[in-house]
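Please examine the sequence and the three-dimensional model shown below.

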Amino acid sequence: MSSMTKRQKEIALIVLAGVFLLVLSAYSYFMQYVPAKEDRLQAEQTLSSEREVLMALETQLKEVPEGEKIPTSELQQKVSVEPLSELIVLQIEQAELISDSLVKDIAIAEAPVVLPVPVEGLENLQAVQTTVAIEATDYKGITTFIKEIEAMDRIMIVDSIDFSANEEVTIADQEKEKLEVSLSFSAYFRPDLIALADTLPKVDAPAPALKNNPLPQNNGTEYADTDEAMTVEEPEVNVDVEVNIEDDVSAAATLTANPNVAGVQTASTYKVAKGDSLFSIAIKHYNTEEGVEWIRQANNLADESIMAGQTLTIPKRP
């Protein structure tokens, strides 16, 4: 066999180079261009479908009516900015009456809440830990008491319920022993939200029946509700057996000059504070809900609506 000529070698190299280019082009087309093109088409389809979903959600959002804003005073009924331990005591008292049980002891303590996993914004969360010892006649009373505690508006968690069963009743006339139960639960508050202190819910407690707070304040010598001593000297009222017209006129003049004599009350004014209602004002001044109608008529109010800063006339008790 004769060896290839130089011309033939050149042609062979050109053919091999062309075949190599064809193979490289085919590889690039099928292995890179075609998959990239399919990925691009799939991404465009996904983007188009997501855009349609977004437009549909925006349309639904426009059709939804705007929700009513919840005032901070209602939110503080769930988690307040102060402990409000007195509200917890009032709820316990209500549960005691409804469940026909007897509260033997109440212990209230404040402590910071330690979360297993730290949550942003809850670093200063505090808990009011309450322990109540009650005495009930049966398990139904215990269940009712717990349900009333759980009915609190505040967010709370029952930590523990401890009680021991009594001896089994074996005799018909055997006296049934009462059940002693210890209930522990926690409510929460945020003392760091100082800006919301003005919207703190007020405690709907009974009026003090015109009595001053006997507990000392500051240096221990001043009374909590007044700077004067608690002892009030009541004026002496002389009653004569013989009464004539002149005595009646004199007595009327005396009562006019000193309206506190013989329990006579005169009209006064009261400036409505934030959170006040006609009911709370009536209880404060008359210790009865009938005062709502008396105040309303004295001020020509069409209903029981009042505003903070409004000055009301407080009439004398009929």
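**Salt bridges, aromatic pairs and strands**

A salt bridge joins the side chains of Arg296 and Glu293, with a distance of 2.6 Å from N to O. The model is predicted, and the salt bridges in it number 4. The aromatic pairs number 3. The points below take up these contacts in turn and then turn to the strands.

**Salt bridges**

- Both Arg296 and Glu293 belong to helix H7, which covers residues 291-298. They are 3 residues apart, about one turn of the helix.
- Glu293 has a relative accessibility of 33%, so it counts as partly exposed; the limits for this class are 20% and 50%.
- Another salt bridge brings together the side chains of Asp192 and Arg190, at 2.9 Å from N to O.
- The two partners fall into separate classes of accessibility: Asp192, at 30%, is partly exposed, whereas Arg190, at 15%, is buried.
- Glu135 and Lys178 also form a salt bridge through their side chains, with an N to O distance of 4.0 Å. This pair connects distant parts of the chain, as the two residues are 43 residues apart.
- Glu135 is located in strand S2 (residues 126-136), while Lys178 is in the loop between strand S3 (156-163) and strand S4 (179-189).
- Glu135 is buried because its relative accessibility is 17%, which is under the 20% limit. Lys178 is partly exposed, with a relative accessible area of 46%.

**Aromatic pairs**

- Tyr29 and Tyr33 form a stacked aromatic pair, with 5.6 Å from centre to centre and 25° between the planes. An angle under 30 degrees places a pair in the stacked class.
- Helix H1 (residues 6-63) holds both Tyr29 and Tyr33, which are 4 residues apart, about one turn of the helix.
- Tyr29 is partly exposed at 42% relative accessibility, and Tyr33 is likewise partly exposed at 48%.
- The rings of Tyr286 and Trp294 have centres 5.1 Å apart. Their planes stand at 90°, so this pair is edge-to-face; the class requires an angle over 60 degrees.
- Tyr286 is buried, with a relative accessibility of 5%. Trp294 is buried as well, at 18%.
- Ring pairs also link Tyr29, Phe30 and Tyr33 into a cluster.

**Strand pairing**

- How many bridges join S2 to S4? There are 11 bridges between S2 and S4, and the two strands run antiparallel.
- Within this pairing, Ala127 has Tyr188 in S4 as its bridge partner.
- S3 also pairs with S4 in the antiparallel sense, over 7 bridges. Ile157 is placed opposite Ser186 in S4.
- Is S4 largely enclosed or open? Of its 11 residues, 9 are buried, so S4 is largely enclosed by the rest of the structure.
- In a regular strand, side chains alternate between the two faces of the sheet.

Note on methods
Residues are numbered from 1 along each chain as its sequence is written. This is a predicted model: local features need pLDDT of at least 70, side-chain atom pairs count only at pLDDT 80 or more; totals for chains, interfaces and linings use all residues. Side-chain values use heavy atoms; hydrogens and water are left out. Rings of Phe, Tyr and Trp (its six-membered ring) pair if their centres lie within 6.5 Å; planes under 30 degrees apart count as stacked, over 60 as edge-to-face and the rest as tilted. Buried means under 20% relative accessible area, exposed over 50%, partly exposed in between (1.4 Å probe, protein chains only). Two strands pair if DSSP finds at least two bridges between them.
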